[in-house]
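Here is a short briefing to read alongside the structure. Have the viewer open, and follow the topics one by one.

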Amino acid sequence: MIEVSNLDVRFGHARSAVHAVRGVSFTVPRGATFGLVGESGSGKSTVLRAIAGLNPDWTGDVRVGGEAQGRSRSRAFYKRVQMVFQDPYGSLHPRHTVDRALGEPLRIHGIGDIERRVIAALEAVGLGRAFRFRYPHQLSGGQRQRVAIARAMILEPEVLLLDEPTSALDVSVQAEVLNLLAGLRSEHALTFVLVSHDLAVVSHMCDRLAVMNHGRVVEELTVDALRTGQATQPYTRQLIAASEGYDRETARGLVDYV
Amino acid sequence: MVDATAPLLDVKGLNVSFRTPSGVVQAVRDVSFSLGRERLGIVGESGSGKSTTGRAILRLIPPPGVVSAERIALSGLELQSLSEREMRTIRGDRISMVMQDPKYSLNPVMRVGEQIAEAYRLHSRAGRREARDKALEMLSAVRIRDPQRVYRAFPHELSGGMGQRVMIAMMLIPSPDLLIADEPTSALDVTVRMQILAIIDDMVRERGMGLVFISHDLNLVASFCDRVLIMYAGRVVEECRASELAAARHPYTRGLFSCLPRIEAGKKTLPTLERDPAWLA
Ligand SMILES: Nc1ncnc2c1ncn2[C@@H]1O[C@H](COP(=O)(O)OP(=O)(O)OP(=O)(O)O)[C@@H](O)[C@H]1O
Ligand SMILES: Nc1ncnc2c1ncn2[C@@H]1O[C@H](COP(=O)(O)OP(=O)(O)OP(=O)(O)O)[C@@H](O)[C@H]1O
Ligand SMILES: [Mg+2]
Ligand SMILES: [Mg+2]
């Protein structure tokens, strides 16, 4: 469903140039979930944005549903591919109510029955209709993130690009959202790419994952390999060790991999 | 003004409510706690009032929000009796807060390094050059790999975790007595997270800073904090030592642990919480 090969993304010029993504390749079959984990700043969100067509400065080959993608995307593309952004504050318009945020994509794509769909989407993410006419600043962090998830799902896309979808959620809501995503995936054969810092969330949701550091994929492995301690790269092993909670000694022993 | 025997922070009977189109939201209900030079975690459901509690302490609840409390005292100094100007000084020098939405609290049209340098100059009256060096030093301290580039970057050019680290760098500059950190590491990978926590840990141990650490990462709170408050629907429903969080008694807290996915577990449907109306009583 998704094929990315030799993806390179650069920003800026001269002194402030960044080579954010370097030769990244991976394939995600229809109905599968692929995880992206790795260092903060290593290029995970940039990879998702390139697939979603939100970033024109890339080279390489990106295919979605077998079609090669160019720099810009059609409206039909966004009916099939939706993204949940890492920063729900930035992705919700501060002066639009929840109702408007959820209704707008339906209007743009000429879909009817708006009120019923908006309420159903809110209920699916555990918010309910009482939240319909609130503004983003009247919501907690986790409530905003749920609105962002509802908005991405309201068009019933085939591909969901999920950037830290549950990192702003408490574990009970996280469990509800992960169950919801898994349910949608099996009902509609949805394909997900999931960026997360939480290896347990990745293990729960994904089949395979890529570990990124400094713009590169350092290792691609199956979740079974992750579980059974078969990661081979030192960076991956360090990541697994650090996921076991805070420890002063471990913190002192961490090293940078380039 | 400073009472050496008073706790660093003493909150008693805090209530916060908001009027919305669908009625009044009682976001915080009768919350009381005190804090010494230690790491206090606050965990709890989304919307349970954690951020609102932190903001109310700093008087950052805009109208129509209504705040009332019997006491909000910093080392014995009642913050509610201070003027807005005095409160600004407290916010600049003695209490820092890392907000849950880092990019929202940065100025979008100013280079991030200049924002850090300016914060330092306001605090220390240092010259431009010194402030610039200090800002670069802070960026490396929070594990930014290329501080020179990031100094010149605008907030939208940073990754989620880089924005979070910039916020932390800014808040640590004044060496506050109290740091309120609202989900400060949720966008960081686990290795960088651990390094940032070690910096905060040092500030608590070496400079006697007090820390309020708001997070829903139960394992992190259990391993990093000294004590934990558990909030549910605006109330503190339980308080325990962090090391005993996994053995907490309240059914809500116990329910939270059962919702956690685990690396070694399979892909079964995750248990979710059955919320009991009796928890509100
Ligand atoms: N619009 C932009 N302009 C310039 N640089 C950018 C831009 N967007 C991202 N970058 C840079 O690209 C690199 C990768 O950023 P990206 O957001 O993809 O990281 P990430 O892996 O998602 O990190 P995190 O886990 O912290 O969210 C970073 O060094 C960042 O500063
Ligand atoms: N300005 C506001 N107007 C109306 N309601 C508000 C406002 N700010 C917060 N609330 C409500 O107050 C409650 C508590 O919000 P708060 O942000 O403190 O939650 P939280 O515990 O930090 O949640 P999260 O883990 O999702 O960040 C929520 O139900 C929220 O919708
Ligand atoms: Mg990111
Ligand atoms: Mg919050």
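In this predicted model, helix H10 (residues 234–242) of chain A and helix H8 (residues 190–207) of chain B have axes that come within 8 Å and cross at roughly 55°. That angle makes H10(A) oblique to H8(B), and their crossing is left-handed.

**The contact of H10(A) with H8(B)**

- On the chain A side, H10(A) contributes A:Tyr235, A:Gln238, A:Leu239 and A:Ala242.
- From chain B, the partners in H8(B) are B:Val190, B:Thr191 and B:Met194.
- Sorted by class, this contact holds 5 nonpolar and 2 polar residues, with no charged residues.

**A helix pair within chain A**

- Helix H4 (residues 98–108) of chain A packs with helix H6 (residues 141–153) of chain A at an angle of about 20°, and their axes are 8 Å apart.
- With angles under 35 degrees counting as roughly parallel, H4(A) and H6(A) are therefore roughly parallel to each other.
- The handedness of the crossing of H4(A) and H6(A) is right-handed.
- A:Val98, A:Ala101, A:Leu102 and A:Pro105 are the residues of H4(A) that meet H6(A), where A:Val147, A:Ala150 and A:Arg151 take part.
- The contact of H4(A) with H6(A) divides into 6 nonpolar residues, no polar ones and 1 charged.

**The magnesium site in chain B**

- Which atoms coordinate the magnesium ion (ligand 4)? They are OG of B:Ser51 and OE1 of B:Gln100, at 2.0 to 2.3 Å.
- B:Ser51 belongs to helix H1 (residues 50–57) of chain B, while B:Gln100 sits in the loop between strand S7 (95–98) and helix H3 (102–105) of chain B, so the pair ties together parts that are 49 residues apart in sequence.
- Both B:Ser51 and B:Gln100 are buried.

- You will find A:Phe34 in strand S3 (residues 33–38) of chain A.
- Is A:Phe34 buried or exposed? A:Phe34 has a relative accessible area of 1%, so this residue is buried.
- Setting aside neighbours within four places in sequence, A:Phe34 has contacts that include A:Phe26, A:Thr27 and A:Val28.
- Further along chain A, its contacts include A:Phe192, A:Val193 and A:Leu194, as well as A:Cys206, A:Arg208, A:Leu209, A:Ala210 and A:Glu220.
- A:His214 is 180 residues from A:Phe34 along the chain, and the C-alpha atoms of the two are separated by 19 Å.

Technical notes:
Residues numbered from 1 in each chain as written. Chains lettered and ligands numbered in written order. Predicted model: local features only at pLDDT ≥ 70, side-chain atom pairs only at ≥ 80, totals over all residues. Heavy atoms only, no water. Donors = N, O, S within 2.8 Å, 3.2 Å for Na, K, Ca; no water. Helix = DSSP H or I, 4+ residues; strand = E, 2+ residues; numbered from the N terminus. Buried < 20%, exposed > 50% of the residue type's maximum accessible area, 1.4 Å probe, protein only. Axes fitted to C-alpha atoms, helices over the stretch in contact; angles between N-to-C directions. Parallel < 35°, antiparallel > 145°, perpendicular 65-115°, else oblique. Left-handed = near helix turned anticlockwise from the far one by under 90°. Contact = heavy atoms within 4.5 Å. Nonpolar A, V, L, I, M, F, W, Y, C, P; charged D, E, K, R; others polar.
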